[in-house]
Amino acid sequence: MLVWICAGEASGDILGGRLMAALRRARPDTEFAGVGGARMAEQGLASLFPMQDLALMGLLEVIPRLRRLAQRMREAESDIAARRPDILVTIDARSFTLRLAERVRPRGVKVVHYVAPQVWAWRPGRVRKLRDRVDSILALLPFEPPFFEAAGIPVRFVGHPVLESGADAGEAARFATRHGLAAGERPVIVMPGSRRTEVRRLLPLFGGALAIAAREAPGLRPVVVVGALVRGAVEEAARGWPAAPILVTGAGDRNDAFAAAAAAGGVGLIKSGTSSLEVAMAGIPHVVGYRVNPITAEIVRALIKVPHVSLVNLLAEREVVPELLQQDCTPDALARHLLRLLRDPGAAAAQRAGFAGALARLRPSGGGLPSEAAAAAVLAVAG
């Protein structure tokens, strides 16, 4: 069986790698082609072109790359036509992957889209277009299936991959030894995202918040979780911080950092998205901050249909974690919320209690791992 699989960013690459491994366990004769990153390469994928060419976000960020994106679309479409795979699995990155699905599905290619597009959050009218683009959607969140089923699109809730991340299984002592974390230092987990645009926009704000908080809470040590592609940008942005940050790149080191922060009463300064679920799994109280280009923000603000952007808050159906967005995302405001979590054990404990209820909703209904549930759903569509 040939699976053509396409991911467009780091989180999708992780999903793709786990899915490929689960598919091979379920059906050892499976072969792969497509587009992915390092994690998918570990499973044997020779990427058609660099996945980074698709890792773009925001209307103004995409415009200068339209010609390159059009070229990559033609390459992907031609490769699928030549190989005639049994199924196409598109993973997130909907601006590219769903357009690709639309182009190849008329050729008789079955399409499964992994990670339900968040049209339920901000553009419900777009769900109708999905009926002609995909055969099935794999949803990560439990409240997504009814929305797509009402539009006549087959969908299966497969559970959230954060449950396979090991975010709650790190070793605090190992991290402290490896990075020279001194006794009494309180780690602040900083997660500014995996895209250069996010890092450039968020780290100055996060750094300003850390400087303010450090004046009132001595002993804070920033621990920045970074992807390999943005490490240089992070190092540049973090120059001049009140304490030299520890930079963490691998999944194992990241999970150890989470354990060290949880053990030492640390906190987190996190961009919106899956990062919030990861630190919630580790039991780390945190603040969510995010900014996008102002023009993009105005367009999204007019369309958004949900009360929260943090997945923890959406799952809990209330504000467990403070969300500071756009003009509210300032160093002063971020520092104020960080200091409250550092000083008030009750506020930190209230967050942890909220985490438990939110995370319980992420497990697939049939049990097992989310990647296994996803693989079973892909095989069911492939036939």
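Buried means under 20% relative accessible area, exposed is over 50%, and partly exposed is in between, with a 1.4 Å probe and protein chains only. Helices (H or I, at least four residues) and strands (E, at least two) are DSSP runs, numbered from the N terminus.

Before you click on: you are looking at a predicted model, where local features need pLDDT of at least 70 and side-chain atom pairs count only at pLDDT 80 or more, while totals for chains, interfaces and linings use all residues. Residues are numbered from 1 along each chain as its sequence is written, and side-chain values use heavy atoms, with hydrogens and water left out.

**Stop 1: Ile189**

Zoom in on Ile189 and show its contacts (heavy atoms within 4.5 Å). Skipping residues up to four places away in sequence, Ile189 touches Val223, Val225, Ala257, Phe258, Ala261, Val267, Gly268, Leu269, Ile270, Val279 and Ile284. As background, nonpolar side chains tend to be buried together in soluble globular proteins.

**Stop 2: helix α18**

Now select residues 370-382. How far apart are the end C-alpha atoms of α18? They are 18 Å apart, which agrees with the 18 Å that its 13 residues should span at 1.5 Å a residue. The expected span is 1.5 Å times one less than the number of residues.

Colour the buried residues of α18: Pro370, Ser371, Ala373, Ala374, Ala375, Ala377, Val378, Val381 and Ala382. Then bring up what they pack against, namely α1 (10-26), β3 (87-91), β4 (111-114), β5 (136-139) and β6 (155-157). Just past the helix, stop at Gly383, where phi is positive at about 80°.

**Stop 3**

Go back to Pro370, which sits in helix α18. Is Pro370 buried or exposed? Pro370 counts as buried because its relative accessibility is 1%. Leaving aside neighbours within four places in sequence, Pro370 is in contact with Tyr114, Val158, Gly159, His160, Pro161, Leu163, Glu164 and Pro364.

Pro370 to Glu164 is 7.5 Å, at a sequence separation of 206 residues.

Click on Glu164 next, in the loop between β6 and α9. Not counting residues up to four places away in sequence, Glu164 touches Arg18, Leu369, Pro370 and Ser371.

**Stop 4**

After α12 comes Gly265, with a positive phi near 70°.

Move to α16 (residues 331-343) and colour Ala333, Leu334, Ala335, Leu338, Leu339, Leu341 and Leu342, which are buried.

**Stop 5**

Asp92 lies in the loop between β3 and α5 (94-104). Its phi is positive, near 50°, in a residue other than glycine. Asp92 is partly exposed because its relative accessible area is 23%. Ala93, in the loop between β3 and α5, has a positive phi of about 40° although it is not a glycine. Ala93 is buried because its relative accessible area is 14%.

**Last stop: a cavity**

Which residues line the second largest cavity? Select Leu210, Ala214, Leu220, Pro222, Pro242 and Ala243. A cavity is a set of points, on a 1 Å grid over the protein atoms alone, where a 1.4 Å probe fits but cannot get out; lining residues have an atom within 4 Å of a point. This one holds about 30 Å³ of space. α10 (196-216) and β8 (220-225) each supply at least two of the lining residues.

Note on methods:
1 Å grid on protein atoms, 1.4 Å probe; cavity = no way out; pocket = protein on both sides within 12 Å on 5 of 7 lines; lining within 4 Å. Points joined across faces, edges and corners; volume = space filled by probe spheres on them.
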